[in-house]
Amino acid sequence: MDEDITPGSFLFNIGFMLTYKCTIACPHCIVEAGPHRKKVMRMDRALSWIEQAAKYNNGYIKACALTGGEVFHDIDTLRTLSDYAHSLGFVVSAVTNGFWATSKRTAINLLKTLPSIHLLCVSTDAYHQRFIPLANIRNSIEALKDLGLTYSIAVCKDAEDTQQFRDLMCHLKDFADEDKIVTSKTFPVGRARHHLSQEGFPMVAEPSRAACTMASSPVVFPDGQVVGCIGPAITIQSPHKLLLGDLKTESLEEILQRAETNAILHTIRVWGPYRILEWLNRIGCSEKMPSSYMKDCTCDVCYKLLSDERLQPYIELLANNEEFAERTKYGRLYHLGEEEVLQPLESQHFLT
Amino acid sequence: MSAKQPLKIPRVILEEMTKEVRIVLPDETRGLFPLPIDLLKNEAFVRNLADKEFQANFDVAIISKGR
């Protein structure tokens, strides 16, 4: 293992999206999970893929996130997979809506049966709270604290802060540490595409110029698809450069080694997708560029770029442009300190 | 990978990059899973990890980065 790997490094963490089943069906859910959904990751595949992740580059990947859907929907599966991931050396995290935390005692008793989960992220927001009361979130956090476990609370908010959001944040701070509460914005894909009005999103002419932090962690889906992030790109059906591969036809090692040299992916991480827009303009497809963007939303820039089928041939050209790949390589070194993963880029002559 | 030559950024490109400001927005992450960043800065936790190599490199990182 290279000594410079740090949280936030590429492939520090890998996600496994285990199930589309959920106890509830929130109107903003990006994966459209719900009680009616049936698709889950087959156990034999999950075990194999977790093992492949553990072996990748001599244990380079340090953390494994189990998400869904609601992974506490099937406790036996969650226990089996978290125990297995932990036994292979992973730091294991999981995400839940807290439906099971009907009392603090109940929560403590359940969490004691899941000793391999080191970090639990509890999701709550105005949409979740239509189904899961705030008391469950309090019970789960107090139980986690009593057990000495690490936690975070994920709160999704609309484009503009509402009074309901501000009230919720105040309530959460009654029992949770402020630095454990992370917020994200709803985005009009998945179920939110049908249920949330896009008029609520302020639009501007200039794209966000921010880098993406989530594209450092690929996600494996139940059907074997590996996607470069857990954001809106997971909903794009047509081929694009953040669709890293398919575990039904390739090994995880092959997919991740190719991702190491994916200059589009790493440009998004180093500078942000706006940088790809700039390069696309340089190679002459400015007339195909989007005319407006969601304000301060990097995901929107990425989604607009990758979901437009007309742009994909140009993005593919860019991915194979030697100057673009070189700049990305130097950007990774300068901004992220990632020299150790650059060797394949030189040996494979930018064939991404 | 350990035997490779260190990558050197050409001077012209380096000068360009020193002028760049890398921006990360606080609300951008989607929250579908957390990154255990705090946990892996926790020395007591790292000591209990099964991965002894990671522990060794954690020591290196503490020394080299002054954390």
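Student: Which residues have the most contacts inside the largest nonpolar core?
Tutor: F16(A), I50(A), C64(A), L66(A) and C302(A), in a core of 104 residues. Such a core is a set of buried Ala, Val, Leu, Ile, Met, Phe, Trp, Tyr and Cys residues joined through C-beta atoms within 7 Å. Buried means that 20 or more other C-beta atoms, placed from the backbone, lie within 10 Å of the residue's own.
Student: Which helix gives the most to this core?
Tutor: Helix α10 (residues 298-307) of chain A, with 6 residues. Helices are DSSP runs of H or I, at least four residues, numbered from the N terminus.
Student: Where does the core lie?
Tutor: Domain 1 (13-201) and domain 2 (258-347) of chain A both give residues to this core, so it lies between them. The bounds come from an automatic or database domain assignment.
Student: How is this numbered, and what kind of model is it?
Tutor: Residues count from 1 along each chain as its sequence is written, and chains are lettered from A and ligands numbered from 1 in the order in which they are written. This is a predicted model: local features need pLDDT of at least 70, side-chain atom pairs count only at pLDDT 80 or more, and totals for chains, interfaces and linings use all residues.
Student: Back to I50(A), what does it touch?
Tutor: Among its partners are F16(A), C64(A) and L81(A), not counting residues up to four places away in sequence. Contact means C-beta atoms, placed from the backbone, within 7 Å.
Student: How many residues of domain 1 of chain A are in contact with domain 2 of chain A?
Tutor: 4, and they meet 4 residues of domain 2 of chain A.
Student: What share of chain A is buried?
Tutor: 50% of its 352 residues.

Key:
A residue is buried if 20 or more other C-beta atoms lie within 10 Å of its own, exposed if 12 or fewer, and partly exposed in between; C-beta atoms are placed from the backbone. Two residues are in contact if their C-beta atoms, placed from the backbone, lie within 7 Å. Helices (H or I, at least four residues) and strands (E, at least two) are DSSP runs, numbered from the N terminus.
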